[in-house]
Amino acid sequence: AFRWFLFGCARTGSPFHRDPNGTSAWNAVTHGHKRWALYPPWMPRVPGQYPDDHHPNSHKWWSLIYPTLAPHEKPIEFIQGPGDLIFIPSGWWHAVLNLDETLSVTQNFVNVENLDAVVHSLFYSNMQNVLQYWRTRLMSLRPELYNYIGDRIAYESSIANAERVAALEAEMEEQQEEFEEREGELKSEIERLKEMLSQVGVPPEAIA
């Protein structure tokens with residue numbers, strides 16, 4: 001599940017997204033034309049993105065959102081035609097609109113440039129089993145990457161453990177503050193009750 005034939009008629013396409021698990025991708029068109037828009041990975045949101053982080057379909061985005069953009073908000077754009085092969089780096093936002101009947105082939109891949117991003121994504125996506133399987137497959141093919149990925153997993157584990165410890169410490173501090181606040185409220189309530197008992201004539205030794 002890493003390489004696909006894509007076929008679509010005019011006005012179909014893909015909304016803005018970043019390819020899964022930090023992978024990069026290439027796309028080659030054999031028939032038709034695709035209109036592409038790209039934004040860099042350091043942008044947290046794409047213009048026109050819904051509040052729930054979903055994106056309008058590509059035809060709606062180009063029809064309704066694109067005409068409203070200021071020049072500095074415009075994406076990187078190009079038209080891809082038959083015989084053109086394009087490369088999408090890891091983490092880049094991209095959307096595609098088919099301008100006519102289009103046939104293409106695309107593939108996601110991992111290389112040494114995006115390896116750290118892929119390991120990080122798989123580690124935090126609860127896909128450690130996939131990560132370990134992949135690493136085992138590399139043992140005979142690329143032993144240096146087998147060792148490197150092992151080091152990256154250890155690094156990610158240490159960061160995750162440090163974050164868990166910090167979260168637990170913050171939770172304990174919050175609980176301690178709540179305890180101290182409640183303790184203060186109870187002490188105030190006890191003093192108030194003592195004062196009430198004293199006012200109705202209860203001996204001090206009995207109140208104590």
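A salt bridge is a side-chain nitrogen of Lys or Arg within 4 Å of a carboxyl oxygen of Asp or Glu. This predicted model holds six salt bridges. One of them joins arginine 35 to glutamate 77, with the closest N and O atoms 3.1 Å apart. That pair links distant parts of the chain, 42 residues apart: arginine 35 sits in strand 4 (residues 34-39) and glutamate 77 in strand 5 (residues 76-80).

**Strand 8 and its partners**
- Strand 8 (residues 102-109) is largely enclosed by the rest of the structure, because seven of its eight residues are buried.
- Strand 1 (residues 3-8) runs antiparallel to strand 8, and six bridges join them.
- Phenylalanine 7 has leucine 103 of strand 8 as its bridge partner.
- Strand 3 (residues 24-31) also pairs with strand 8 in the antiparallel sense, over seven bridges.
- There, asparagine 27 has threonine 106 of strand 8 as its bridge partner.

**Exposure of the arginine 35 pair**
- Arginine 35 has a relative accessible area of 23%, so it is partly exposed.
- Glutamate 77 is also partly exposed, at 32%.

**Arginine 152**
- Arginine 152 and aspartate 116 form a salt bridge at 3.5 Å, N to O.
- The pair spans 36 residues, from arginine 152 in helix 4 to aspartate 116 in helix 2 (residues 115-124).
- Arginine 152 has a relative accessible area of 19%; the cut-off for buried is under 20%, so arginine 152 is buried.
- Aspartate 116 is partly exposed, at 30%.

**Within helix 4**
- Arginine 192 and glutamate 189 meet in a salt bridge at 2.7 Å, N to O.
- Both lie in helix 4, three residues apart, about one turn of the helix.

Methods: Residues are numbered from 1 along each chain as its sequence is written. This is a predicted model: local features need pLDDT of at least 70, side-chain atom pairs count only at pLDDT 80 or more; totals for chains, interfaces and linings use all residues. Side-chain values use heavy atoms; hydrogens and water are left out. Buried means under 20% relative accessible area, exposed over 50%, partly exposed in between (1.4 Å probe, protein chains only). Helices (H or I, at least four residues) and strands (E, at least two) are DSSP runs, numbered from the N terminus. Two strands pair if DSSP finds at least two bridges between them.
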